[in-house]
Amino acid sequence: MNRTDERGVLVDLGQERPQLPAKARNMSPIVPRASIQGRALVAVVAIMTFLASMTTGTVLLVSASAAEWQSDVASEITIQVRPQAGRDLERDTAAVTEAMRAQAGIVEVKPFTREESGKLLEPWLGTGLSMDDLPVPRMIIARVQPGTPLDLGALRARVTQIAPSASIDDHRAWIERMRSMTNATVLAGLGILALVIVATIISVSFATRGAMAANRPIVEVLHFVGAGDRYIANHFLRHFLRLGLEGGVIGGGAAMLVFGFSESIAGWFSGTPVGDQFAALLGTFSLRPSGYIVLAVQAVLIGAITAVASRQTLFATLNDVD
């Protein structure tokens with residue numbers, strides 16, 4: 001049926017009227033899923049997550065290595081027998097060794113020979129020197145059974161009675177310095193993580209404001225036709241949660257790959273001064289399974305922080321629209 005009005009002829013298309021499927025009306029989200037701002041935010045979150053994961057993994061490596069060092073050092077005591085005029089150094093060393101072997105709680109005693117004691121000085125004195133004219137002390141290493149308390153005062157008195165020039169070192173001062181260094185490393189790692197989280201929140205806040213500014217006309221229309229703040233915010237929240245999780249997975253996965261291949265990479269530098277120093281500092285340079293779980297949880301938390309930061313910025317921006 002045809003009708004006319006002042007603007008011309010109107011044609012009734014009848015069944016020829018194009019029909020759109022129901023899903024077509026929902027194909028365009030409020031927040032564009034693939035935008036320059038979104039890709040930039042994913043890159044920022046991925047970089048921040050990678051830095052946070054590398055920091056956390058390094059702190060875990062140092063903490064584990066320091067715990068092993070402290071356990072090994074705490075289980076040993078060192079006896080030093082110095083040369084003294086009028087006394088036989090070899091006899092005093094043998095007597096102290098027998099006394100330590102008879103001590104309850106000592107599971108192993110290893111006296112160093114004169115040649116072995118001389119090798120300990122090679123890094124400072126070099127090789128090829130005659131040790132006969134040098135007052136090189138003799139070292140005795142005693143390993144203590146774990147969990148066995150020793151009366152060091154009584155042990156020192158007994159050893160001094162046998163060899164007046166002997167002294168005992170339980171490495172307590174060194175352990176305290178190692179513990180202080182480990183605590184400082186952990187605090188530094190926590191400080192870096194805090195800075196990374198703050199930088200992530202700031203980046204997300206700017207990205208959220210940019211997305212709101214780009215979609216402000218749509219948000220205003222939805223807002224003024226009756227859409228509640230929670231409805232509008234949920235669309236943005238899901239959008240930024242997806243971006244945060246995507247960036248967290250990328251950054252955290254890259255860090256896990258680095259730590260996964262770190263042991264193989266360290267093997268390439270084995271035998272070199274740099275490789276030996278890293279091996280002494282970080283041990284095997286590989287994370288335990290619990291470390292990878294910590295990195296995975298951290299990546300998810302950064303994604304959640306991204307969503308929470310965007311939510312706070314969203315409601316502040318929606319209040320301005322009102």
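Serine 165 is in contact (heavy atoms within 4.5 Å) with Gln80, Val81, Arg82 and Gln84, leaving aside its neighbours within four places in sequence. This is a predicted model, in which local features need pLDDT of at least 70 and side-chain atom pairs count only at pLDDT 80 or more, while totals for chains, interfaces and linings use all residues. Residues are numbered from 1 along each chain as its sequence is written, and side-chain values use heavy atoms, with hydrogens and water left out.

**The chain as a whole**
- The protein chain has ten helices and six strands; helices (H or I, at least four residues) and strands (E, at least two) are DSSP runs, numbered from the N terminus.
- Of its 322 residues, 33% count as buried, where buried means under 20% relative accessible area, exposed over 50% and partly exposed in between (1.4 Å probe, protein chains only).
- Among the contacts in the protein chain with a separation of 6 or more, 83% are between residues 24 or more positions apart.

**The loop between helix 5 and strand 6**
- Serine 165 sits in the loop between helix 5 (152-162) and strand 6 (166-169), and it counts as buried because its relative accessibility is 6%.
- From serine 165 to glutamine 84 there are 81 residues in sequence, yet 6.7 Å in space, C-alpha to C-alpha.
- Proline 164 is found in that loop too, but proline 164 counts as partly exposed because its relative accessibility is 42%.
- Not counting residues up to four places away in sequence, proline 164 touches Gln84 and Arg87.
- Proline 164 and aspartate 92 are 72 residues apart in sequence, with 9.0 Å between them C-alpha to C-alpha.

**Two buried threonines**
- Threonine 93 belongs to helix 2 (residues 89-101), and it is buried because its relative accessible area is 3%.
- The residues touching threonine 93 are Val81, Pro111, Arg138 and Ile140, once those up to four places away in sequence are set aside.
- Threonine 306 has its place in helix 10 (residues 289-321), and it is buried because its relative accessible area is 0%.
- Beyond its neighbours within four places in sequence, threonine 306 has contacts with Val45, Thr200, Val204, Phe240 and Gly244.

**The largest pocket**
- The largest pocket has a volume of about 280 Å³; on a 1 Å grid over the protein atoms alone, a pocket is an open set of points where a 1.4 Å probe fits, with protein on both sides within 12 Å along at least five of seven lines.
- Its lining (residues with an atom within 4 Å of a point) is made of 15 residues, and Ala74, Ile77, Val144, Thr148 and Asp170 lie nearest the centre.
- Helix 1 (36-74) and helix 6 (172-214) each give at least two residues to this lining.
- By class, the lining has eight nonpolar, five polar and two charged residues; Ala, Val, Leu, Ile, Met, Phe, Trp, Tyr, Cys and Pro count as nonpolar, Asp, Glu, Lys and Arg as charged, and the others, Gly among them, as polar.

**Around the aromatic rings**
- Lysine 110 lies over the face of phenylalanine 112, at 5.6 Å from the ring centre; a charge sits over a ring if NZ of Lys or CZ of Arg is within 6 Å of the ring centre and within 35 degrees of the ring normal.

Conventions. Grid points are joined across faces, edges and corners, and a volume is the space filled by probe spheres set on the points.
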